[in-house]
Each structure stands twice: as C-alpha cells, then as structure tokens.
Amino acid sequence: MIKQMTGLCAVALIAMPAAAATPRDILTTAAFGARDKASALAQVAQAEAAANATLARTPGDREAQLTKAMAIGYRAKLTKSRADAVAARDRFNALAAANPRDPEAQAVVAGWNIDAVTTLGGFMAGTVLGAKKATGLAALDRSVALAGNRAMFPGLAALLRLTLDGADPKARGLAEAATRGSTPTALDRMIQRSANAILVPVRAGNAKAAQALAKQLLPFGRVAK
C-alpha cells in the first residue's frame, strides 16, 4: 500500500451510453456523485461485476474490457492499492495498443500516467508504477486530436494538465475549446460545465486555485484523499 495510489480518472474518458443503469453509468455516478469511499467502492464493485458477467459470455467485448479496467483503476485510487494500479495500467495499455486511433483508449492511458504523477510525484510514480508525465501528455494530445469536436476530450485534457501545473500554457485553449465542443452525451455536458468552471481561475491568472479546482472536478476529487 502507498500513501496515495493512482487509479485514474478513466470514466471521464468514456461517453456514457443512453440506457440507464449501465456499468458506465454506475461508474460515472461513483466518480462524480459519491461523497464517501464506502458508497463509491460499492458502486465500483457493482460495475465490475457486470463487466465480468459480460466478459464471461463474450471475452472480447471492448466495452466490458474497458469498464473492468476502469473499475480496477478506480478501486486502486480509492484503496491506494499498487497491485490494482498496475493491473489497470496494463489493461489500459493493452486497449490502446489494440486500437491506437481510439481516442478513449488514448485518454485512459493519459489519465493513468498523469494521475499517478500528480498523486505520487514524478520520481515515485516512475519508480513504483512506471508512470511518466511525458507519456501521459503525449497520449492526452493524441486523444484530443483523434476525438473530433467532442467537448469531453479537450475539457478533460485541460483539467489533467492543470492538476500537474496550474499555469499550464495549453490548458486555457483546451478549456475554451471544450466550451464550444459538441455534447452528445451526459458526460460531455458534465465536462463542458467543468471547463467553464475552470476558466474562471485560469483567466484570472490564479494558478493555485486553478490546480486545486481541477483536482476537485476530476473523478473522486472530493473523495480520494
């Protein structure tokens, strides 16, 4: 166990399906709605169980694979488990390798690396988990480039960059792009609202406030301490 362990804000990388109570919906509720670890962990476990059931029937189901990886990553963030963090990393990397042009896969890789560095610091994240800031930022840029006009991807990129550096020079442009982006899903709309919120301290030049708010607006920002 480590003082702080990454899991990653992977749910912020995935477009929620329209149907209610899907595993993705459950993870989104946990990530952005839970206010205590016990309820968050229960929801994460529920989503993972549903993904496992699908994978038992259809092992190659990408949706279920991604949901399971996200659930493992979330549990790692909440419980500070190195084993789960590494397991999530390996699953995210495998998904990205299988389809390098999938913006969601690039985004989860980006989020995992950046969350690790933000949580542990660059040296510890690299030593303990093999996470790298450069790897995360490169994958983050690819996710934005591949995603088209979706609000979620530049919005997420702005938030993740600001968790590393409240004065990140690219964050403002990304957040502004998110405010103009399309919002085909509830999660796009959520991230777009977050982009609007983060622009207040960014435009004011308040790097400390921007960094603190960005951390709060990402999954489990008010739960995982």
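Buried here means under 20% relative accessible area, exposed means over 50%, and partly exposed covers what is in between, using a 1.4 Å probe and protein chains only. The structure is a predicted model, in which local features need pLDDT of at least 70 and side-chain atom pairs count only at pLDDT 80 or more, while totals for chains, interfaces and linings use all residues. Residues are numbered from 1 along each chain as its sequence is written, and side-chain values use heavy atoms, with hydrogens and water left out.

View 1. Helices are DSSP runs of H or I with at least four residues, numbered from the N terminus. A209 sits in helix α11 and is partly exposed, with a relative accessible area of 29%. Between A209 and I198 there are 9.0 Å from C-alpha to C-alpha, with the two 11 residues apart in sequence.

**View 2. V200 on helix α10.** V200 belongs to helix α10. Is V200 buried or exposed? With 61% relative accessibility, V200 is exposed. Its C-alpha atom is 8.1 Å from that of A210, which is 10 residues away along the chain.

**View 3. Helix α10 from end to end.** Buried residues of α10 include L187, I191, A195, I198 and L199. The cover over the buried residues of α10 includes α1, α8, α9 and α11, where contact means heavy atoms within 4.5 Å. Just after α10, look for G205, which has a positive phi of about 75°.

**View 4. The second largest pocket.** A pocket is an open set of points on a 1 Å grid over the protein atoms alone, where a 1.4 Å probe fits and protein lies on both sides within 12 Å along at least five of seven lines; lining residues have an atom within 4 Å of a point. This pocket holds about 180 Å³ of space, a volume being the space filled by probe spheres set on the points, which are joined across faces, edges and corners. Its lining has 15 residues, and F32, S194, Q216, L217 and R222 lie nearest the centre. Two or more lining residues come from each of α1 (23–33), α10 and α11 (207–217). The most come from α10, which gives four residues.

**View 5. Salt bridges around R161.** A salt bridge is a side-chain nitrogen of Lys or Arg within 4 Å of a carboxyl oxygen of Asp or Glu, and by this rule the count is 14. One of them joins D141 and R161, at 3.1 Å from N to O. This pair links distant parts of the chain, 20 residues apart, with D141 in helix α7 (residues 133–146) and R161 in helix α8 (residues 152–164). D141 is partly exposed at 35%, whereas R161 is buried at 6% relative accessibility. R161 also forms a salt bridge with D168, at 3.2 Å from N to O, and D168 is buried at 13%.

**View 6. R203 and E176.** The closest N and O atoms of this salt bridge are 3.5 Å apart. R203 lies in helix α10 (residues 186–203) and E176 in helix α9 (residues 171–180), so the pair ties together parts 27 residues apart in sequence. Elsewhere, salt bridges with shared partners join E48, K68, R75 and D84 into one network.
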